[in-house]
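Me: I'd like to go through this structure by question and answer. Keep it brisk, please.

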Amino acid sequence: MKKVLFVIETLRGGGAERAVSNIVTHFPKEWEIDILINDESLIGYPYRGNILSLSRPEKKSFIYFTTNIIKRIFYLRKLKKRNRYDACVSFLDSANISNIFSGKRYCKTIVSVRTDMMTKKSRRYDKFFSLILTKYLYRYADQMTAVSEEIEWKLINWLGIPSYKVRTIVNGCDCKWIEKMMTLCPQDTMADCVKKIEHRKLIVTIGRLVDQKGQWHLIRAFSEVIKKQPQAVLLILGVGPLKNYLAELIAAYGLGDSVFFVGQSDNPYWYLAMADVFVLSSLYEGYPNALMEAICCDVPCIATDVHSGTREILAPALNVAGERVRGIVKAEYGILVPTCSGKKYSKKESIETGEQNMADAIVMLLEDDQERKHYRDKSKERSRDLDINQVVNKWIGVIEENAVC
């Protein structure tokens, strides 16, 4: 029997975690799957296979991060020797470090690079740490997978990783399952919220309320949209530390009757099914799940032309390493707008160019029924390329290839 071990800190919350969930639940039944996480309570996504645990409740500290890596290294060495997997596949830095240091004597080691560390707008230390890991440590794995073509291009051309070591495998969606979920009312639905959005033009965004997702830029853009489309409403799905700031911004613009927080929904697809427009306002990405899922719900999409992922999804004809767009671009499968500055504003400060572009693109789709239908049809067309089964076949191909030494 073929066997594979997946390693990730948790199975809840983030894009990499959701990607692992999608992959393992669609692997062929003849494969035996083990999944190593930090703690068995850290599960929020469905999975198939055997859960293995380090039994270490989640903490946010450098000491926890370091000791966790050390414990995982020793545990992985035992697992690899005992179970003789075809491959050990790891996701995110902590798991990737442990996978490499636990060795490749007994099975193939594959590490997954999930974000564009060259343009990631994070703390300088985190960015430097990710670059060092990627350039000098990850090359010792048998194979590196990049979640987008742009990341693969940068790994090879900017960091000097040998091309034979890198393969792009994007995230994927179970579009058939999503189609079913679109008809099921989620348990978290707020009756008063549903009444308020009824018969109004609905804009939806999905993502954690963190700096990366840039929702404050969307709120400021929406303050311009509402001037031309007073019946428009914005739903924000997600939780995170920026909620208070976003709520203060909404209040400052007097948008309390037009912008609503849904929180962490058990079924975001129901909201997407009602949406007239989906907007991704991120400052950077790897390969955005939320955008893919909106496409699978046949929603017309607007996204910032970030590094990386969005232009590969909406504008595959554009050069992945090319200059980012400077205005509104009607691409093949959606609309690209410039990435905003990332500066946190108050109401007193003027709308920046990127926010105005975002607002104009939203108004254009809300006012033009034909254009909106065109991009709804293009989303339906694009969703066929994002099928999770194609993605799983690529993972199997990488795992079954002869190990690179």
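Me: In what order do the seven strands of the open sheet lie?
Reply: This is a predicted model, where local features need pLDDT of at least 70, side-chain atom pairs count only at pLDDT 80 or more, and totals for chains, interfaces and linings use all residues. Residues are numbered from 1 along each chain as its sequence is written, and side-chain values use heavy atoms, with hydrogens and water left out. Strands are DSSP runs of E with at least two residues, helices runs of H or I with at least four, both numbered from the N terminus; two strands pair if DSSP finds at least two bridges between them. Pairing in this open sheet is parallel, and the order is β3-β2-β1-β4-β5-β6-β7.

Me: Which are the edge strands?
Reply: An edge strand pairs on one side only. That leaves β3 (50-53) and β7.

Me: Which residue is the bridge partner of S112 in β6?
Reply: Strand β5 (residues 108-113) runs parallel to β6, and four bridges join them. The partner of S112 in β6 is T145.

Me: Are Q143, T145, M144 and A146 of β6 buried or exposed?
Reply: In a regular strand the side chains alternate between the two faces of the sheet. In β6 (residues 143-146), Q143 and T145 lie on one side, M144 and A146 on the other. Buried means under 20% relative accessible area, exposed over 50%, and partly exposed in between, with a 1.4 Å probe and protein chains only. Both faces of β6 are covered, and these four residues are all buried.

Me: Which residue of β7 stands opposite A146?
Reply: Strands β6 and β7 (residues 166-168) run parallel, joined by three bridges. Opposite A146 stands T168.

Me: Through which helix does the chain cross from β6 to β7?
Reply: This β-α-β crossover is right-handed: with the strands pointing away from the viewer, the path from the first strand over the helix to the second runs clockwise. The helix, residues 149-157, is α5.

Me: At about what angle does α5 run to β7?
Reply: Helix α5 lies across β5, β6 and β7, where contact means heavy atoms within 4.5 Å. Axes are lines fitted to C-alpha atoms, for helices over the stretch in contact, and angles run from 0 to 180 degrees between N-to-C directions. The angle to β7 is about 165 degrees.

Me: Which residue of β2 stands opposite K3?
Reply: Strands β1 (residues 2-7) and β2 (residues 31-37) pair in the parallel sense over six bridges. The residue opposite K3 is E32.
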